[in-house]
Amino acid sequence: MPSTPALRCEQLVKKYGDLAAVDGLDLEVDGGECFGLLGPNGAGKTTTVEILEGLNEPTAGRVEVLGMRWDRDERALRQRLGVSLQETHLPDKLTVEENLRMFRSFYLQGRPIEEVLELVGLSDKRASWTERLSGGQKQRLAVACALVSDPELLFLDEPTTGLDPQSRRQLWDVVLGFKSRGRTVLLTTHYMDEAERLCDRVAIVDKGKVIALGTPRELIASLGAQQVVEFVTERPLAPDGWGGLPSVRSARRSADGIALTVEQLHVALPAILARAEPLGLTHLSTHQASLEDVFVHLTGRHLRE
Amino acid sequence: MNAPTAGLKSAPISPLWELTLARLRLFFREPGAVFWTFGFPLLLSVALGIAFRNRPAEPVPVAVVSAELERSLEADPQLRPRLLGESEAREALRTGKVDLVVLAGPPIAYLYDPARAESRLARALADAALHPRGAPATIDRPITEPGSRYIDFLIPGLLGMNLMSAGMWGIGYIVVEMRTKKLLKRLVATPMSRAQFLWSFVVMRALFLLLEMPVLLGFARLVFGVRIVGSIALLLGVSLIGALAFAGIGLLVAARAQNTQTVTGLINLVMLPMFVASGVFFSTARFPDAVQPFLRVLPLTALNDGLRAVMIDGAGVTGIAGQIALLGVTTAATFFAALRLFRWR
Ligand SMILES: Nc1ncnc2c1ncn2[C@@H]1O[C@H](COP(=O)(O)OP(=O)(O)OP(=O)(O)O)[C@@H](O)[C@H]1O
Ligand SMILES: [Mg+2]
């Protein structure tokens with residue numbers, strides 16, 4: 001039996017006047033995987049996700065969700081999806097439990113409300129009005145509303161933006177738990193650590209296009225280097241020439257100095273130091289290459305700036 | 001306990017009921033909304049009831065220029081004569097301190113302003129007092145019976161006004177607020193039936209009616225002795241169709257508005273003319289004949305006329321068929337248009 005992908009879109013385009021928010025985007029998400037859309041502000045992530053959710057009309061392109069199409073199968077599809085939008089203001093003066101009960105009532109089947117409350121860690125807040133929840137608790141309630149239907153496919157648009165590290169980790173556990181039941185997740189994020197931790201595969205989106213696709217490990221490996229060395233000297237420097245040093249794969253200008261991607265730190269570092277010290281080295285640091293470096297490598301810009 | 005499948009499937013809940021419940025909860029948890037719906041009409045009825053209460057007749061102030069005239073007029077308790085010099089007396093008339101000046105004759109002269117009803121009344125009273133034999137025998141029937149006082153006119157108007165503003169604010173404003181907060185978008189991302197969503201507002205308004213009407217009418221009965229002459233069932237029916245008409249208008253103003261300022265403007269645009277011209281506080285008959293046809297097709301005019309016909313005159317269904325038909329058509333047309341135009345995102 002040929003398995004249909006959970007999500008597929010081809011040559012997706014969405015234009016707002018002259019602006020192409022989505023500009024020929026292809027995507028294929030398999031059942032049971034957690035797929036991440038990673039990209040800077042305005043990349044077109046939300047627009048893409050809302051088209052896939054059937055909440056926005058594409059200007060051009062084909063969309064298939066769970067093997068079905070929005071124009072024909074909307075009713076059936078809605079029963080099987082869970083959605084958490086980038087921003088939704090749930091009614092202020094309904095309690096957590098009342099909100100969940102209302103969302104649960106729209107679905108033919110789903111999970112018991114107590115179970116979902118437990119899952120997102122809001123059991124002790126069940127009787128609180130939404131307006132009295134903290135930002136992180138509100139976000140977890142939004143995810144809970146997407147989970148009450150026990151969906152096959154879950155869309156999360158920036159589920160952890162603005163959360164403290166502890167709340168983020170709590171939400172990650174919710175997503176991983178959901179995935180471990182064989183369900184599919186499409187999430188968007190600005191955080192590479194989140195993408196590296198949660199996603200089986202990641203598409204890096206910029207200006208409405210997918211500019212890189214693969215597992216986080218593959219994408220980082222595509223840099224051909226495991227480490228990044230960043231340094232600042234007293235006299236301003238140009239990146240030219242640094243790429244030729246032993247074990248250095250690429251060189252570029254960073255915030256206030258130079259950033260080099262490096263294969264083997266112990267080989268490259270002595271050469272870098274020997275050349276930088278006479279120029280008045282004031283700062284040097286190294287870190288493991290991340291998806292952020294992949295993005296910078298591809299676009300010359302940072303994800304969040 | 002005896003539900004082994006409970007882990008898989010929660011008890012089925014009706015989405016219409018859940019949506020309606022949410023609307024009711026959100027209303028009653030908003031003290032402001034509760035006040036404007038239930039408290040405000042009561043305060044208004046008290047304030048206006050006091051301002052326009054039926055007072056015992058005040059004696060009419062009259063200026064006279066001789067002590068003899070003063071004595072003759074004092075014989076009538078409805079007149080309060082004051083002895084003044086002629087120029088002072090004319091001044092008092094001009095500034096409205098007295099309604100009439102009587103100059104000693106012969107012949108006796110009345111100075112009065114025929115454009116002022118009080119002034120004409122004063123003249124007639126003075127004339128009757130000075131020429132008692134010429135006065136025809138009369139019987140007075142002062143109007144203080146329930147059914148014909150201002151408060152009897154006012155209460156159905158307040159009920160109509162309340163049905164209008166509750167529909168416009170309680171539906172129009174709330175729906176737009178849900179749109180700006182992206183809650184509508186979130187709801188249409190679920191399999192929620194859009195028809196049931198809109199129905200929940202209609203059900204809410206109907207349930208509310210069962211609270212609004214007894215509160216206002218019970219209060220008016222207890223405090224002012226306002227009676228319902230016609231059938232209570234028919235009164236409820238007229239109120240219901242009125243509430244539906246304004247639910248439809250509320251939905252229509254909310255159909256496309258993208259922010260609450262826009263919808264607030266639209267609501268005021270719809271409501272203010274009807275506040276003034278649909279006979280809430282005074283009869284529409286005060287407006288010139290030329291605009292009467294326009295006033296009659298305003299939904300609030302039809303509602304107020306219908307409510308008054310049932311409450312005051314005890315009209316039956318046939319007596320208010322025109323008003324019911326107009327409200328029915330308004331309901332159907334506005335719901336239809338609102339559904340066609342409605343923007344869910
Ligand atoms: N309704 C709209 N009308 C006009 N332009 C829009 C509209 N919605 C989005 N855009 C534009 O489309 C582009 C993509 O927006 P989108 O919301 O998809 O970005 P995003 O990747 O989700 O960004 P963020 O990370 O900030 O949420 C932006 O330039 C945005 O200004
Ligand atoms: Mg976004």
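1. In this predicted model, Asn56(A) counts as buried, because its relative accessibility is 16% and the cut-off for buried is under 20%. Asn56(A) sits in the loop that runs between helix H1 (45-52) and strand S4 (60-65) of chain A.

2. Leaving aside residues up to four places away in sequence, Asn56(A) touches Lys14(A), Tyr16(A), Thr47(A), Glu50(A) and Ile51(A), as well as Arg345(B). Gly280(A), 224 residues from Asn56(A) along the chain, has its C-alpha atom 55 Å from that of Asn56(A).

3. Turning to chain B, the assignment gives two parts: domain 1 covers 60-142 and domain 2 covers 150-341. Their C-alpha centres are 49 Å apart.

4. Chain B contains 13 helices and 4 strands. Its radius of gyration is 28 Å, whereas the globule rule gives 20 Å for 345 residues, so chain B is more spread out than a compact globule. Along the principal axes, the C-alpha atoms of chain B fill a box of roughly 105 × 40 × 40 Å.

5. Of the 345 residues in chain B, 44% count as buried. The accessible surface of the chain is about 17600 Å², and carbon and sulfur atoms account for 64% of it. Taking contacts in chain B between residues at least 6 apart in sequence, 70% join residues at least 24 apart.

6. On charge, chain B carries 34 positive and 22 negative side chains. The centres of these two sets are 20 Å apart.

Note on methods:
Residues are numbered from 1 along each chain as its sequence is written. Chains are lettered from A and ligands numbered from 1 in the order in which they are written. This is a predicted model: local features need pLDDT of at least 70, side-chain atom pairs count only at pLDDT 80 or more; totals for chains, interfaces and linings use all residues. Side-chain values use heavy atoms; hydrogens and water are left out. Domain bounds come from an automatic or database domain assignment. Helices (H or I, at least four residues) and strands (E, at least two) are DSSP runs, numbered from the N terminus. The radius of gyration is taken over C-alpha atoms; the globule rule is 2.2 Å times the number of residues to the power 0.38. Buried means under 20% relative accessible area, exposed over 50%, partly exposed in between (1.4 Å probe, protein chains only). Contact means heavy atoms within 4.5 Å. Accessible areas come from the Shrake-Rupley method with a 1.4 Å probe; for residues, only the protein chains shown count as cover. Lys and Arg count as positive and Asp and Glu as negative; His and the chain ends are not counted. The place of a charge is taken as NZ of Lys, CZ of Arg, CG of Asp or CD of Glu.
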